[in-house]
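These are my notebook entries on a structure that I went through residue by residue.

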Amino acid sequence: MESLLDVKQLTNYINGEWEEAKGDFAQVKNPATGETIVEVPLSTADAVDQAAAAAEIAQKEWALVPAPQRAEVLYRVGTIMKERKEKLSKLLTMENGKVLEEARGEVQEGIDMAFYMAGEGRRLFGQTTPAELKNKFAMSVRAPIGVVGIITPWNFPIAIATWKSFPAIVSGNAVIWKPATETPIMAYELAKIYEEAGLPKGVLNVVFGSGATVGDAMVHHDTIRVISFTGSNETGRNIAADCGRQLKKVSLEMGGKNAVIVMDDADLNLAVEGILWSAFGTSGQRCTACSRVIVHESVKETLEERLLVEMEKLTIGDGLDAVNKVGPIINDAGIEKIKKYIEIGKDEGAKLLAGGNQMTDGDFAKGHYFAPTLFTDVTPEMRIGQEEIFGPVVSLIPVKSFEEAIEVNNGVEYGLSSSIFTRDVNRVFQAQRDLDTGIVYVNAGTTGAEIHLPFGGTKGTGNGHRDSGVQALDVFTEWKAVYVDYSGKLQRAQIDVE
Ligand code: UN1
């Protein structure tokens with residue numbers, strides 16, 4: 001496995017150069033085995049200054065490259081990612097823990113984004129519109145913003161980086177990227193791919209380090225005009241407050257408390273499959289993971305029974321072994337948070353039907369594993385029904401009606417993803433209207449967003465922006481209105497109208 005990675009110590013990538021190793025480093029451990037796989041620099045604010053200076057110069061040139069040519073780089077990035085899919089997926093499993101099948105899915109999401117955003121190089125549409133006055137032309141165009149900062153999480157270390165860096169780069173910006181220190185290998189590999197694809201130096205810069213130091217320096221750096229962040233609600237709020245004071249554009253994608261609604265007429269086998277996949281896939285460590293099941297009381301017992309049968313079959317362990325369907329939790333802090341919520345759930349009077357424990361027997365002791373967990377008889381206001389746990393823990397909340405199901409779904413602070421299993425077409429359309437989340441699924445679980453649609457959520461999940469889809473371009477471009485008067489005389493808008 002070690003040969004997959006050609007370095008033992010990572011270094012920052014600034015102005016097209018891999019820096020000399022210096023300063024402090026942290027060890028990056030495989031969450032499945034506890035083995036150290038690489039060391040990552042804990043950079044200081046100086047590195048952000050250097051990256052910003054390089055990016056500022058590079059961006060001016062890059063913005064003048066025609067967008068279809070900028071897109072050519074992304075086509076090459078996508079092609080290299082495709083060629084390297086297996087290697088990238090294995091490295092992703094090693095640093096993040098998600099099982100290989102899911103790692104392949106994540107890398108594919110990045111490949112899809114490359115080709116989709118490369119296509120935008122020939123679109124980046126603005127509008128032409130009629131002007132009020134004769135012999136006058138009016139249009140709107142997208143302009144790049146300048147240097148943008150992206151801060152990405154450990155749970156989707158390559159996909160989310162592509163959601164943010166591809167639209168930023170095709171739009172003519174330069175990027176400073178701070179990846180999560182838990183999962184820096186994907187950043188190293190993607191930066192190398194950009195380099196091989198011929199991205200001019202300084203257009204993409206990677207600065208490794210903590211949020212408190214590097215992230216904070218980025219948020220406060222005058223040169224960086226946009227921050228695009230995916231991570232915790234608490235950090236996102238602080239970033240938004242800091243950016244607000246500086247009038248800096250900020251796009252946030254934060255937590256979720258996503259629910260699957262199972263109605264009385266649902267295909268229960270399908271619902272069980274959807275719940276299992278979206279609750280226990282990635283060990284529940286997705287923003288989109290299902291952590292509540294809102295079930296009609298008439299099918300509650302059957303659903304519980306079937307879920308328990310299928311949960312028994314889940315194979316847990318190192319994601320590199322194809323036998324395993326559920327991998328480890330990212331680290332000790334992740335385990336401790338989940339444990340805390342198990343205790344909270346028990347204290348609140350929820351009934352624990354399965355799991356609830358860290359797994360420490362045999363080889364499990366080397367990594368960080370938590371048993372897939374099912375609570376039932378959860379009431380909507382309990383903390384386990386309200387707060388994001390980010391682990392393989394599902395709370396079943398019984399309800400009496402469709403209306404109550406919608407109300408419970410919407411009665412949380414977050415609004416990322418929701419799902420309903422029903423065969424009633426009227427309920428389907430009412431649900432897509434009334435569920436107050438940014439993503440709605442019908443007869444599927446809460447995960448699996450496709451890259452050409454807007455990704456993000458309402459309420460505490462975000463601040464109105466979207467990752468991916470054509471909407472991502474709005475984060476990384478400024479709208480410019482352009483008027484061309486070809487009348488040869490001064491025409492005054494709103495005044496010289498006949
Ligand atoms: C995340 O968990 O932050 O929809 C991203 C999904 C994936 C992306 C998840 N396509 O589950």
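**Entry 1. Terms and conventions.** I take buried to mean under 20% relative accessible area, exposed over 50%, and partly exposed in between, with a 1.4 Å probe and protein chains only. The model is a predicted one, in which local features need pLDDT of at least 70 and side-chain atom pairs count only at pLDDT 80 or more, while totals for chains, interfaces and linings use all residues. Residues are numbered from 1 along each chain as its sequence is written, and side-chain values use heavy atoms, with hydrogens and water left out.

**Entry 2. Glu304.** I located Glu304 in helix α10, residues 300–312; helices (H or I, at least four residues) and strands (E, at least two) are DSSP runs, numbered from the N terminus. For contacts I require heavy atoms within 4.5 Å. Setting aside neighbours within four places in sequence, I find Glu304 in contact with Leu353, Thr376 and Leu396.

**Entry 3. Asp377.** I noted a phi near 55° for Asp377, a positive value in a residue other than glycine. Asp377 belongs to the loop between β17 (373–376) and β18 (393–399). At 30% relative accessibility, Asp377 is partly exposed.

**Entry 4. The ligand.** Which residues are around the ligand? With a limit of 4 Å between a heavy atom of the residue and the molecule, I list Glu109, Asn155, Phe156, Ile160, Trp163, Arg286, Cys287, Thr288, Thr447, Gly448, Ala449 and Phe455. I then looked up polar contacts, which are pairs of N or O atoms within 3.5 Å; within protein, one must be able to donate a hydrogen and the other to accept it, and residues adjacent in sequence count only if both atoms are side-chain atoms. A side-chain N or O atom of Glu109 is 3.0 Å from a nitrogen atom of the ligand. For Arg286, a polar side-chain atom lies 2.7 Å from a ligand oxygen atom. The side chain of Thr288 likewise has an N or O atom 2.7 Å from an oxygen atom of the ligand. Of the 320 Å² of accessible area that the ligand has on its own, the protein covers 99%.

**Entry 5. Thr282.** I placed Thr282 in the loop between α9 (268–280) and β13 (290–296). Thr282 is buried, since its relative accessible area is 5%. Its C-alpha atom is separated by 5.3 Å from that of Lys98, 184 residues apart along the chain. Apart from neighbours within four places in sequence, Thr282 contacts Lys98 and Glu102. The side chains of Thr282 and Glu102 are joined by a polar contact of 2.5 Å.

**Entry 6. Gln59.** Gln59 is in helix α1, residues 45–62, and is buried, as its relative accessible area is 11%. Beyond four places in sequence, I find Gln59 in contact with Pro144, Gly146, Gly172, Asn173 and Ala174.

Entry 7. I recorded a positive phi near 50° for Lys459, a residue other than glycine. Lys459 lies in strand β22, residues 458–459, and is partly exposed at 37% relative accessibility. His452 is in the loop between β21 (439–442) and β22. At 41%, His452 also counts as partly exposed. Not counting residues up to four places away, His452 touches Tyr116 and Gly469.

How values were computed. Accessible areas come from the Shrake-Rupley method with a 1.4 Å probe; for residues, only the protein chains shown count as cover.
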